[in-house]
Amino acid sequence: MCRCDPARCAETVNSLGVFVRGMLMGAADIVPGVSGGTVAFITGIYEKLIDSISAFDINLLKLLVAGDVRRAWEQVNGSFLLALGLGILTSILSLARVVSWLLAHYPVPLWAFFFGLILASAVMLLRQVQGWNPARGVYLVVGTIIALAISVAPMLSLDFGFVGIFLAGFIAICAMILPGISGSFILILLGMYATVLNALTSFDLLFVSVFAVGAACGLLCFSRILHWLLHHYRASTLSLLTGFLFGSLAIVWPWKEVLQSVVDRHGELRAAQQVPVMPGEYAALTGQDPMLLVSVALMLLGVVIVWLLDARWGPAAASG
């Protein structure tokens with residue numbers, strides 16, 4: 001017979017669920033072009049994550065200075081962030097090689113799987129927007145157009161010394177917490193992807209420190225904006241974010257033509273600008289098998305997984 005306190009047991013189960021969500025976010029972040037924010041959205045913890053991050057404020061600093069660690073921990077929902085962070089870290093350490101290997105050897109089926117995940121997620125999120133009206137329809141379209149524009153944008157150059165490094169960190173982290181937009185993909189577009197990787201592998205502490213400060217500032221600033229929008233204009237904000245998801249489908253479309261590339265830390269070319277093409281055109285351009293049947297099957301698998309996640313952790317399950 002279980003002797004644990006019911007509240008404690010429930011907390012343990014909840015922490016396990018957050019840990020699993022963190023693992024899913026970590027797996028998504030490994031793949032360039034896929035955002036961990038998308039998975040947070042799929043699994044129903046996006047708003048809670050934004051609220052927790054935005055709680056890092058002056059009041060938290062005062063609590064820490066006063067030595068009131070317990071209240072500080074509660075303010076930022078420390079248990080939630082710890083379980084999520086451990087899940088992300090566990091996933092990155094355990095799945096990085098597997099996902100990287102799949103991305104190198106079977107990119108088309110992997111992208112097809114993520115395409116199914118994101119497509120189903122966007123459709124699921126449409127149901128969360130209450131009271132559709134023309135304005136919210138416009139937000140949906142604008143979000144879609146923005147993500148589409150980012151997905152086919154040419155690579156830029158952000159060579160402004162330490163100011164450019166700071167801005168790269170600031171912008172990349174903002175993209176990372178938006179569903180549908182990948183922080184690593186934004187770094188590629190800014191022309192900073194290879195530079196950041198080289199700094200990390202060479203332990204350039206000054207570069208990494210400036211980049212980290214920019215990322216921290218971006219995270220604290222942008223999370224507050226999202227927090228305010230979600231609490232004051234929830235339906236309109238969800239419409240815009242859902243548009244981001246629909247637009248990001250161009251990024252994870254399995255069959256793409258590479259227009260521009262960048263050298264990664266291993267000296268290999270990585271796509272920096274791509275445009276979606278049909279499977280037949282992909283085969284003609286690359287000479288590779290488009291793996292159509294396998295890809296369609298994996299798309300459907302992605303849809304089923306999102307349906308199961310929504311049934312387990314979605315709004316309907318939460319209210320039931």
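Visitor: Which helix holds S151?

Guide: This is a predicted model, in which local features need pLDDT of at least 70 and side-chain atom pairs count only at pLDDT 80 or more, while totals for chains, interfaces and linings use all residues. Residues are numbered from 1 along each chain as its sequence is written, and side-chain values use heavy atoms, with hydrogens and water left out. Helices are DSSP runs of H or I with at least four residues, numbered from the N terminus. The run that holds S151 covers residues 134-151 and is helix 8.

Visitor: Is S151 buried or exposed?

Guide: Buried means under 20% relative accessible area, exposed over 50%, and partly exposed in between (1.4 Å probe, protein chains only). S151 has a relative accessible area of 5%, so S151 is buried.

Visitor: How far apart in space are S151 and S248, C-alpha to C-alpha?

Guide: In sequence, 97 residues separate S151 from S248. In space, their C-alpha atoms are apart by 6.8 Å.

Visitor: How many residues of helix 13 are buried?

Guide: Helix 13 spans residues 234-252 and reaches 27 Å from its first C-alpha to its last, close to the 27 Å expected at 1.5 Å a residue. The expected span is 1.5 Å times one less than the number of residues. Helix 13 is largely enclosed by the rest of the structure, because its buried residues number 16 of the 19.

Visitor: Which residue does E47 meet in a salt bridge?

Guide: A salt bridge is a side-chain nitrogen of Lys or Arg within 4 Å of a carboxyl oxygen of Asp or Glu, and the count here is three. One of them, at 2.7 Å from N to O, joins E47 to R234. This pair links distant parts of the chain, 187 residues apart, with E47 in helix 3 (residues 46-54) and its partner in helix 13.

Visitor: Which residue forms a salt bridge with R70?

Guide: R70 is exposed, with a relative accessible area of 55%. The closest N and O atoms are 2.9 Å apart, and the partner is E74.

Visitor: Which ring does the charged end of K256 sit over?

Guide: A charge sits over a ring if NZ of Lys or CZ of Arg is within 6 Å of the ring centre and within 35 degrees of the ring normal. The charged end of K256 is 4.5 Å from the centre of the ring of W111.

How values were computed. Helix = DSSP H or I, 4+ residues; strand = E, 2+ residues; numbered from the N terminus.
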